[in-house]
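Let's take a walk through this one, a few helices at a time. Have the model open and follow along.

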Amino acid sequence: MAQYSRVSGTVGLITLLNPPVNALSAAVRQGIVDMMDKALSDRKVKSVVICGHNGKFCGGADIREFSSPLTGPLLIPVIQGVESAAKPVVAAIEGVALGGGLELALGCHYRIAHSKARLGLPEVHLGLLPGAGGSQRLPRLIGVPAALDIITTGRHVTAAEALKLGLVDRVTDRNTVDEAVKFALSVADQSPQSRRISTFPCPHHPDLDAVFEGVMQRVRQRARGALAPVACVQAVAAATLPFAQGMERERELMATLFTSGQARAQQYHFFAQRAVGRWSMPSGARWDKTKPVAVHKAMVIGLGTMGRGISVALVQAGVSVVAMETNEKQLMDAKQAISSMLERGAKRRGVAPALDKIRYSSDMQPAADVDLVIEAVFEDMALKKKVFQQLSALCKPGTFLCSNTSGLDVDQLASETRTPELVVGMHFFAPAHVMKLLEVVYGSRSSPQAVATAMELGKQMGKVSVAVGNCRGFVGNRMLKPYLEQAFFLLEEGATPEFVDQVLEEFGFAMGVFRMSDLSGLDVGWRVRKADGLPDGHSARIRQGCRYSPLGDLLCEQGRFGQKTGRGWYQYDKPGGQVAKPDPWLQDFLEKFRTQHGLVARRIDHQEVLERCLYALMNEGFRILEDGIAAGPEDIDVIYVLGYSWPPHRGGPMFYAAMVGLKKVLERLEHYHQEHPDIPSLKPCNLLRKLVVSGSPPVQKWREFLQKPQSQL
Ligand SMILES: CCCCCCCCCCCCC[C@H](O)CC(=O)SCCNC(=O)CCNC(=O)[C@H](O)C(C)(C)COP(=O)(O)OP(=O)(O)OC[C@H]1O[C@@H](n2cnc3c(N)ncnc32)[C@H](O)[C@@H]1OP(=O)(O)O
């Protein structure tokens, strides 16, 4: 809803009231209509200010309303009503003006923003476009190139940038509503006629066609099959038409997006990202009952790629860091790399680099004086155990001990310390200062406070933290295993890396499984498998009674570790090269392998690649839910979209399973398992069967079928 009062004698003040972000629900839209009527019919009122309750202008249309039939006045006419008002209307923008919120502000005749406000049209991330005139008014106000950038990226613009672009008329450090009221008084006698953006022509640009063409090309490349970014460009292109025609085109494009599965997927992902913050543990401990400890000072141990990124992320979050590395050369290199990452980051954000927040050490001693340690040494259990023993002896009571492991047993590490309750896993994703995902792994003895502290620290670093139980590979890497396995088996049976990758990239992954493996380095998994007792030079295809593909191991034995060695599943022009080319050597190698093992290559189609790779991965997701390692499907989906480049417009693997239809997923898994009874990951898991028997409930209801999360090793 909205509140109304008259202030300073002649200014009608309308306050949007719908905490926490004043989303434009039906009641708020109705409130705007009613309060505008009040202000316009009050003869004492000469001008109007619209602001948001509690320091937030407006977070946009109410996304929760999109899943049911729309009621109340529609946003487009509400904004048209504001724009056509005979009295000047000023938007007082504090906090955020996003999506429909910014569209409402564009309907106002003037915009005053607080210096800390953020403005944007992020609809593209919800599978939509700015559908309440934003795609038509923004280019008219700030020009096509800037509008295309804001609308297709969905990025938030600072008040300073908004002023530069001409998106707002004034920026203030003072009380924004007071300033807007003063401003409204100063323009009270002026006609708003010349301030109605819908009457502006689209600013002239010498080569608009080339601008649209260039952006469309970039957007299509990045979209990976997403419809919204393309529709955003098409909508802005219509801003060169007369306003009414442009609005009609915006409506048509929006109607297509609004009812699409992609929009549903992306809106699900929006709420899933927020749902994972409401974590719980098998003991019943929960996010809302556990207070995190504030981390002022942290230590990062091991300054390889991960340790450097983690140090940068901590410093940028305002935490003082001691970065520790025993190898002097590595320490010097790290110092240089971290400083330049901090400098680049600060430049991007328009602030001074916080170089004084970090100091370096070549020994462990400073651990005695920190609140939290993140160990980021090589993924080797013996080495990590040694570090934890040392930390246990050195750290002051209450210091949280975290391991940046990608899959090792957190309980084993905890058992090396005197304080296992303070030990958790913090699984970062490379590059750690960029990637938004953090898996927080609780062991069987981790205290709720340790989990809460790691979750909160992740949030402070700008990450989405997901709490998961302790098992091999946790959630993300555990699900990756059957996915990779299927890809290898498909090669054995006749596919090529290029074909498998092409199918997965067409699905929307940024990179297919083989290109991705080449980038991450084939040797990483190989070393882990060797540590698990993999014999050298052994090409057996059955291990422990199950099918096993030795292809990855055989490649590593040839020194083919991927991009870093210039050879892997593909060939590169040099070690470190990035352009993957099919390698005739590999073709030959696969043929010889098949002959050696009596395999006859067969034609494998698109559907089989997609189903075997993705359904095996999804099946493991159901197992993870069944085991209680993830609390709900949202946790898995957030991990996959933010950490494993699962296309956001497909929601995540569990959401996708529901979209495909659980019955179909079950049937196809049964089919493939019948064909390959020696591949256990293709055997449909019980939870999937249970859900199908229960009528395939929507993904939002799956939690009702799950047990409490638990640690499992
Ligand atoms: C049949 C065919 C019909 C076709 C015609 C269709 C015509 C439809 C006409 C519709 C026109 C609408 C056009 C408009 O362009 C569309 C939009 O505006 S879409 C919304 C755009 N806005 C956003 O994307 C902003 C989303 N929010 C955020 O980014 C952040 O929440 C924030 C505002 C930056 C605040 O961040 P934080 O402070 O960190 O807080 P949280 O993120 O944790 O949020 C707190 C709480 O609020 C909930 N929430 C936030 N925004 C919205 C929202 N817009 N709607 C509903 N709820 C919102 C959020 O979920 C949190 O709650 P929780 O999930 O934790 O319970």
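In which helix does Met216 lie? Met216 sits in α8, residues 208-223; helices here are DSSP runs of H or I with at least four residues, and strands are runs of E with at least two, numbered from the N terminus. Bear in mind that this is a predicted model, where local features need pLDDT of at least 70 and side-chain atom pairs count only at 80 or more, while totals for chains, interfaces and linings use all residues. Residues are numbered from 1 along each chain as its sequence is written, and side-chain values use heavy atoms, leaving out hydrogens and water.

Met216 counts as buried because its relative accessibility is 16%, and buried means under 20% (1.4 Å probe, protein chains only). Beyond its neighbours within four places in sequence, Met216 is in contact with Val230, Val233 and Gln234, contact being heavy atoms within 4.5 Å.

Now look at α9 (residues 228-237), which packs with α5 (residues 144-153) at about 155 degrees, the axes 10 Å apart. Those axes are lines fitted to C-alpha atoms over the stretch in contact, with angles from 0 to 180 degrees between N-to-C directions. That angle makes the pair roughly antiparallel, a label for angles over 145 degrees. Where do they meet? Val144, Leu148, Ile151 and Thr152 in α5 meet Pro229, Cys232, Val233 and Val236 in α9.

Definitions and conventions. Buried < 20%, exposed > 50% of the residue type's maximum accessible area, 1.4 Å probe, protein only. Parallel < 35°, antiparallel > 145°, perpendicular 65-115°, else oblique.
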